[in-house]
Amino acid sequence: MIKLGCNFLSLRDTGVEEFIRICYDLRLDVVDFHQQAFQSTDPAYLTPIKLLCLRYGLPIGYIGVSGLFHGTAEERRRHAADSKRAVDLAAFLGSPLIRMFCATVPARNGDGEHTWPAMIAGYREVADYAAARGVAIGMQNHPSTGKEMLRIRREVDRDNFNFIMDTGQWLGSPGSEPRGETDPRHDFYGYMAQTIAHASYIRTKFYRIESGTEEWLDYERIVAIIKAAGYNGCISIVYEGEHPDRVEQVRLAAAWLREHLAGF
């Protein structure tokens, strides 16, 4: 059974506790956060948040971490350390997964080395650290192609390393640049179909849902891809539009997804 949730950044002007209560009021099943949502990693601060999620029956699906394994060796070291802190945070909060980024890969790093080997080594380092703590890694396409995502997964070669599929952040999709436009050189719906078998989580982007139907992405086509793959995990609403009533936009997105995923 699909579990429907929401990402904290969808309601960017709320606090953590308020966000959890809103998701409960919207009758969602799961919540997910960026690590920067939390003011502290002190257990005295985190424990009430964990207990509030428990009270409302809202497990934490993943903890997001920003940054890339590009740049100098020192920059990559800092990103590995930040990612490990996200793993520790996820383990404490009971989240099974952290989100890491994939992106267009430059040919060389800031120190002149080839980018790809160092990037793969960084993912492996974090995945090994996470495995020892019972946490998985979901690499988000942000942005990339299906072929790149599959290559990274194959070369990292860790059982706890898979994908978080983002519907709006493929190369050529309207969530990437230029914003709101599609690039016909990229079949981003094909990228979704190509990679969904390895998805640990799905982020459904919504940009213009005021009418009750998303205008930038073809969600009937996306839902067909999800159903064809037999996906049975969490689907998170990520609202990135500019409507001032962001709670209402999340409600509209949830209503559409519930209707079209009913019985699946």
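How many aromatic pairs does the structure hold? The structure holds 13 of them, counting Phe, Tyr and Trp rings (the six-membered ring for Trp) whose centres lie within 6.5 Å. The legends below take up two of these pairs and the chain around them.

This is a predicted model, where local features need pLDDT of at least 70, side-chain atom pairs count only at pLDDT 80 or more, and totals for chains, interfaces and linings use all residues. Residues are numbered from 1 along each chain as its sequence is written, and side-chain values use heavy atoms, with hydrogens and water left out.

**View 1. F33 and F38 form a tilted ring pair.**

**View 2. F188 and Y189 make another tilted pair.** Here the centres are 4.4 Å apart, with the planes at 35°. Both residues, F188 and Y189, are buried.

View 3. You can look for eight helices (H or I, at least four residues) and eight strands (E, at least two), taken as DSSP runs. Buried residues make up 53% of the 264 residues. Among contacts (heavy atoms within 4.5 Å) with a separation of 6 or more, 76% join residues 24 or more positions apart.

How values were computed
Buried < 20%, exposed > 50% of the residue type's maximum accessible area, 1.4 Å probe, protein only. Phe/Tyr/Trp six-rings, centres within 6.5 Å; stacked < 30°, edge-to-face > 60°.
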